[in-house]
Structures are given as C-alpha cells and as structure tokens.
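Notebook open, sequence and model loaded. I want to look up a bit of strand pairing and then the ligand site.

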Amino acid sequence: METVPSHSSWAMRDKACIWHPFTQAQTAAPPIAIVKGKGSYLYSEKGDAYLDAVSSWWVNLHGHAHPYIAEKIGAQAKELEHVLFAGFTHPQAILLAERLLAALPAGYSRVFYSDNGSTAVETALKMALQAGDPRKKLLSFEGGYHGDTFGAMSAAGKSFCNRPFWPYLFEVSSIPPPIFGKENESWERFEKAIDSGEVGAFIFEPLIQGWGGMMRLHSGEVLDRMIQKCEEQGILTIADEVMTGFGRTGVLFSCGSLKAAPDIICLSKGISGGFLPLGATIAKESLFESFLGPTLSQALLHGHSYTGNPLACAAANASLDLLLQPECTAARARIEEEHRLFQQKWRSHPTLLRCEVIGTILTIEYKIGERSYYNPLRDRLLEFFLQKGILLRPFGNVLYLLPPYCISPEELHRIYSAIAITLEEWLW
Ligand SMILES: Cc1ncc(COP(=O)(O)O)c(C=O)c1O
C-alpha cells in the first residue's frame, strides 16, 4: 500500500510520469492534485477548495462523490464487475436501456453502448455510413466538436485542434450553424448541400455547440426544418447530445425541444452522473433492422472491451434515479432563473460581445482581443478564478458556466460576483 504523501507531493510526482490531455507540458503550471470531492467542491492536497463551475468537463450532474451513486456502484461491484457484451448481457444494461428509451423523445428503440462521447459518435457514424450510400458525404456544422477519435475529428471538419491529422481525415461538407441573426445564410448553404445530392448523413450538436463552437447557441426552429428536409430526402441525421444530454439545456435532452426526431442520438458525459466512462448511441428500429440479415458481415461489427460495463450502467441507473426526481428538475430551473437574472443585468455591458443562456449553461464572450482559443485572456481569467477558488476553464475570450445541478444560489452568486469583478474592476 502507498503511504499518504506529504502536501504537494502528488503534483510533483505527476510531473515525472503523466502525459496530460490538452496540455503543453513545457509551459503549463503544475497540475492541482485533487484528493477529495463533495457536492459542488473539489479539494486539493493542499486543502484548497475549488467550486466546480464546469462539472469537471461537463460530466458531473449531482455533485462530486454523491453517496447514493457511490453506494450503487459498490453494491454492483460486489455482484458483477464486468462481462463481455457479445453473446452475454446483464440486468443493469437492460434496465438502463429501457429507462433511457423511456426518458428520450418517442421513436427510439435501440441502445448501443460504448465508452465515451467520441466512441458514441464513432458508433453513430458507422451506423449511418454502413446503412447509407457509401459514395455520399457527411454534412456537419462548422465549429462542431464531436470528439478526438478519427471519425469524430473528421465529422467536425478541419480545425486548429486537429491540424496534424488533416491528411488522414475523411472529407465532409460543412455549413455554418443557424446562429441567431444568421439563420438564412445557414439555411441557404444547407439547401445547396442537400440539393447537390452528395450528402448521405448529417451530424450536429442540437441547440448549442460546445468546444468547437465556443458555446454558441443556434436556432432550434431552423434545425428542425433541416432535420425534416433530411427525413424527406432519406438522409440520416445524428444528434450529438454528448454535452447537451441529461438536462443541461433545461429539458432532459435537447432533442426533446425539437419537433423532428433525428435518426440517431449520441449520449455520454452526464450519463453516469460523472462517475464512470460510458457512451450510448440510440437508434430507431428501422435503422437497427437495416443491419439484420443472414450473415455476420451485415451486422454492425463494432464494440469495445468495456461495452456495457455493469458498474458504469449501475452508476447511470443511479444517476437517472436522481435526475428524474422533481427536485432535480426544480434545481435546473432555479439555475436557469439565476443565469437569466445575471444575463439581464450584464448583457449590455460594453466589455461583452454576447451573454447567452440555455438551461443550466451560461456563456459570456469578452470583447477583448480576437475570438480565438489562443486569446491570452484565457490564462488571465483561468488564474483569476482559481485564485478565488472557482474552477472555470475559458475558451480563449469565452467564459461559460455549466455547473452541477446541486450548486446552491449562494455558490452561483459567488461565481457571478467574481465575473462582475472582471467586468467592472479590471482595467481593460
Ligand atoms: C458534443 C460532444 N461530442 C463528443 C465529445 C467527445 O466526448 P469524449 O470527450 O467523452 O470523448 C464531446 C466532448 O467534449 C462533446 O462536447
């Protein structure tokens, strides 16, 4: 057994052996070693508390180390930790599939499990490409982000973050998303792409783009028309709800606010309440049936060692128990209400380019420097909030809140007050 190290030694030891994601190790500050989580807070080995305003990369729903979910995982671990998922099944996976299908908008009947958001998207792409016309292209929104595996990177189109891999990405057609005020341009580009006859499937993040689009909202009405037109033309549609799923946009799933029903929905992140990695790709029966046939080669030949892991499914079932409680719906509504009050107060501030709210997500864009991930404002803001014990990870000049649903009004106000300092007291 390891002995408990003295203060700061985890961070030092990390430097010698860990390769971190999205990090330039040469210039990055040493990582903050977190040794405990509780509610909305993370606690470092030095004893500092950080209010997690981004739900640890958007995965946590009900607070850190939630005892109910922890208990359910523990109980499942004592029964069955894992079993291969081809030729075998288990109660937690079946229960979860039944409950997800009941919680999603009507029309879906099949759940394919994988390990994370990227693999949920990869699975969806393989479903759509195998079922559709192989000569046709994928259509996506500019500024989309669907994950870091090759299919997911390709789907998002070429961007600064996948530049080293451009020669290896498959070709996609991209159109601007229907952001408010620019809906017509987006629709015209969409029609042109569809009318070319080259599009076989369309992937999008519904209502708000995350990482790639810098948390920008777009019109659900236009998106609805796009999905409907795809349906008429036999083009498969994929809603990537990896970020938006499980209540982030207020409703349980963003697709629930649409009239049209995309053919495939990708889920991950919040699915397990932030405890264990799990992805789910949800399909309609007609798509599932198109893979039926007498030979294995017609099946979807895709899977992962941990597909349908019982512990992850148990965590997801426990998280759903909490998510479906009226208290959780009320908590999400309360967060949105607070965000909207903040928005009313600050949206016209001269230092802001935009201040947008959807459900539990609040985004502000500073009118400082260029709209870019490399905007140096990012480091300044990150450091400022960390000093105040608040974990926020800006995208360049864009700051967003995506808190766990257990966050209290007082905790939200602490964050808003810190943002107010950046607007009112910093000498821009
Ligand atoms: C919309 C969307 N799709 C897919 C992914 C990839 O998920 P993961 O990081 O779990 O692979 C992300 C991650 O941020 C995402 O926001």
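Predicted model: local features only at pLDDT ≥ 70, side-chain atom pairs only at ≥ 80, totals over all residues.

I started with strand E3 (residues 49-52), which pairs with E15 in the parallel sense over two bridges. For me, two strands pair if DSSP finds at least two bridges between them; strands are DSSP runs of E, at least two residues, numbered from the N terminus. Across that pairing, Leu 51 stands opposite Ile 390 in E15.

Residues are numbered from 1 along each chain as its sequence is written, and side-chain values use heavy atoms, with hydrogens and water left out.

Then the ligand. I checked polar contacts (N or O pairs within 3.5 Å). A polar side-chain atom of Asp 240 sits 2.7 Å from a ligand nitrogen. For ligand oxygens, I found a polar backbone atom of Gly 117 at 2.9 Å and a polar side-chain atom of Lys 269 at 3.1 Å. On its own the ligand exposes 390 Å², and the protein buries 83% of that (Shrake-Rupley, 1.4 Å probe).

Last, I listed the residues around the ligand (a heavy atom within 4 Å); among them are Trp 58, Tyr 145, His 146 and Glu 205.

Terms used
Polar contact = N/O pair within 3.5 Å; in protein donor to acceptor, adjacent residues only side chain to side chain. Helix = DSSP H or I, 4+ residues; strand = E, 2+ residues; numbered from the N terminus.
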